[in-house]
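Student: I would like to go through this structure and ask what each label rests on. Please set the values against the definitions.

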Amino acid sequence: MSLSRDQVQHIATLARLDIADDEIAEVAEKLSRIVDFVGELAAAPTDDVLPMAHPLHRTQRLRADEVTETVERDRYQANAPSVRDGLYLVPKVIE
Amino acid sequence: MAADDHAVHALNLAELAQGLAAGDFTSRQLTESLLARIAGRAAALNAFITVTADQALAAADRADRHRAEGKAGPLTGLPLVHKDIFCTRGVPTTCGSRMLETFVPPYDATVVERLAGAGTVMLGKTNMDEFAMGSSNETSWFGPVRNPWDHGRSPGGSSGGSAAAVAARLVPAATGTDTGGSIRQPAALTGTVGLKPTYGRVSRYGMIAFASSLDQAGMITRTAADAALLLQAMAGFDERDSTSVDEPVPDYTAALDAPLRELRVGIVRQHFDAGLDADTAKQVRTALGALEEQGATLREIDLPNIDLSVPTYYVVAPAECSSNMSRFDGVRFGHRAEEPRDLHDLYCRSRAEGFGAEVKRRIMTGTYVLSAGYYDAYYLKAQKVRQLIADDFRAAFADVDVIAGPTAPTPAFALGDKTDDPITMYLNDIYTIGANLAGLPAISVPCGLAAGLPVGLHLVGPHFAEERLLNCAHRYQAETDWHLACPEGYA
């Protein structure tokens, strides 16, 4: 199976990855090879098999509904590319 | 007497612990000696991303003080390095990516915290494949690591810097992470010991996530006994990791010497087929013979679905990767593109610039297999096959105690050899991926040289059988000396 340029562009958009026009052919070729490779799974007989949910068959542990986190905004925002007054800045989203 | 006089770089953790306890050298002397060796040799291998000399000396002084006060534990003052995937408070943590080139974590990973709490001295952070996605260390933004056995070859990956540093005697031990073989394959390719514990045995808190249902922290050392020492401090429940398992932690060192008389070893028929290098097969068969000489019985077993483990992995791991990587948005931390036109452009360009080709490939593969119309055919199907593979292991462990075979299909390959074809690279992990899919513990132990390059013996056990694996590996090392083989120029 070969992924088309449009399919690759669509996947890239879903994944929020910019892809240059001159990269698409190579990305499509390599992704197609991977998709072909994992396509081997189609032949495996799995009609009565439940999909694995956890490697040790455990259920998600729950914790008590108590406040455990403390506010350390300034420390965490030290890694942010752009902040002002404790807010993360992004390009304007409402015109 | 100074640490240099004891050739401390050649000593393993257990030997260094004895030297510290006996007062042969202090942790500061030991640390200074290894930092000098790292300064002289690490650059040629590109094994480190960050060397933390100042912090190391401060930690060494603390360890020496504790020892003087009679408060030393088994790991007090022992040096190690952390894979740069573990968050270290105040110390840059890049995960081998441009995306996190300037990231300084505000907290420590549980693994880092526990090992520091036990008195270990961190000398630095090691190079790795970008976000642990790779089997050769060539996907690192900081360039490939070189194998100390042959600088033209890869040390394996993704924990390649950790493996190269331990193999080159720059440090006695390093942490690593293993999602599909990322501890065991580099251990095999560099002649070191690599242990991946049971899924959930060691906390993943603060370990930057790649594929959360497969990721597990472990270590690379030169001996199984050293791996036991470290696992003792690393293992155990952590409420900050929702998949951390609340099971008692046994005394890993206590069981090391148990005889192998009753041990039943399963040999997977499919693991000795055409894909395996002939020299590697020979070394592994000799190693199996050595286990037999110690009283173990060998029997051939079948894992009927094991040939599907690599395709299964390359659906499940990219799917989880695409979800985990979505946190890198150029807003809260990580790389941000200059002058974005709008929010969509900010996301798309920050991610395109911050991630390398392999990471993008996996994000896109994962996005595809999870997308509308393909989810059932790929993701759901893969999770079913994954269950079949896990069932095969469970059935096998009814008759055998461990499963043994080669860790990797060939010894270390040349840098650049497999970078053009992702599938060829993925197939490097053909023998290791099954343990991740089934959540099983596994270890790689040096078991010979093929054309002058190290070969690893791979042992897989049932859930929580780390004791048995370490025992088996330790008994093997007690009768062989492959773990003492040192790359030329690094003795």
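Tutor: Two strands count as paired if DSSP finds at least two bridges between them. The model is a predicted one. With that rule, B:Ile267 stands opposite B:Ala404 in S9(B).

Student: What makes strand S7 (residues 264-268) of chain B and S9(B) a pair, and in which sense do they run, parallel or antiparallel?

Tutor: Three bridges join S7(B) to S9(B), and the cut-off is at least two. The two strands run parallel.

Student: How do you know that S9(B) also pairs with strand S11 (residues 453-460) of chain B?

Tutor: There are four bridges between S9(B) and S11(B), in the antiparallel sense; at least two are needed. One place to look is B:Pro406, whose bridge partner in S11(B) is B:Leu457.

Student: Why is S9(B) called mostly covered?

Tutor: A residue is buried if 20 or more other C-beta atoms lie within 10 Å of its own. In S9(B), residues 402-406, five of five residues are buried.

Student: How do you know which side of H8(B) is the buried one?

Tutor: The buried residues of H8(B) are B:Thr280, B:Gln283, B:Val284, B:Ala287 and B:Leu291. They cover an arc of only 95° around the axis, so they lie on the same side of H8(B). B:Ala278, B:Gly289 and B:Glu293 are exposed on the other side of H8(B). The cover over the buried residues of H8(B) includes S7, S9, strand S10 (442-450), S11 and helix H15 (466-479) of chain B.

Student: Why is B:Thr286 called partly exposed?

Tutor: B:Thr286 lies in helix H8 of chain B and has 14 other C-beta atoms within 10 Å. Exposed means 12 or fewer and buried 20 or more, so B:Thr286, with 14, is partly exposed. B:Thr286 and B:Cys447 are 161 residues apart in sequence, but their C-alpha atoms are 8.3 Å apart in space.

Student: What makes H11(B) largely enclosed?

Tutor: Twelve of the 14 residues of H11(B) are buried, so the rest of the structure largely encloses this helix. Among them are B:Arg361, B:Met364 and B:Tyr368. Their cover includes helix H1 (5-14) and helix H2 (21-38) of chain A, together with H9, H12 and H13 of chain B. H11(B) reaches 20 Å from its first C-alpha to its last, close to the 20 Å expected at 1.5 Å a residue.

Student: Which residues of chain A are in contact with B:Val315?

Tutor: Leaving aside neighbours within four places in sequence, B:Val315 is in contact with A:Val38 and A:Leu41, and also with B:Val369, B:Tyr378, B:Tyr379 and B:Ala382. B:Val315 is also one of the residues that touch the most other members of the largest nonpolar core, which has 171 residues.

Definitions and conventions: Residues are numbered from 1 along each chain as its sequence is written. Chains are lettered from A and ligands numbered from 1 in the order in which they are written. This is a predicted model: local features need pLDDT of at least 70, side-chain atom pairs count only at pLDDT 80 or more; totals for chains, interfaces and linings use all residues. A nonpolar core is a set of buried Ala, Val, Leu, Ile, Met, Phe, Trp, Tyr and Cys residues joined through C-beta atoms within 7 Å. Two residues are in contact if their C-beta atoms, placed from the backbone, lie within 7 Å. The arc is that of the directions from the helix axis to the C-beta atoms. The expected span of a helix is 1.5 Å times one less than its number of residues.
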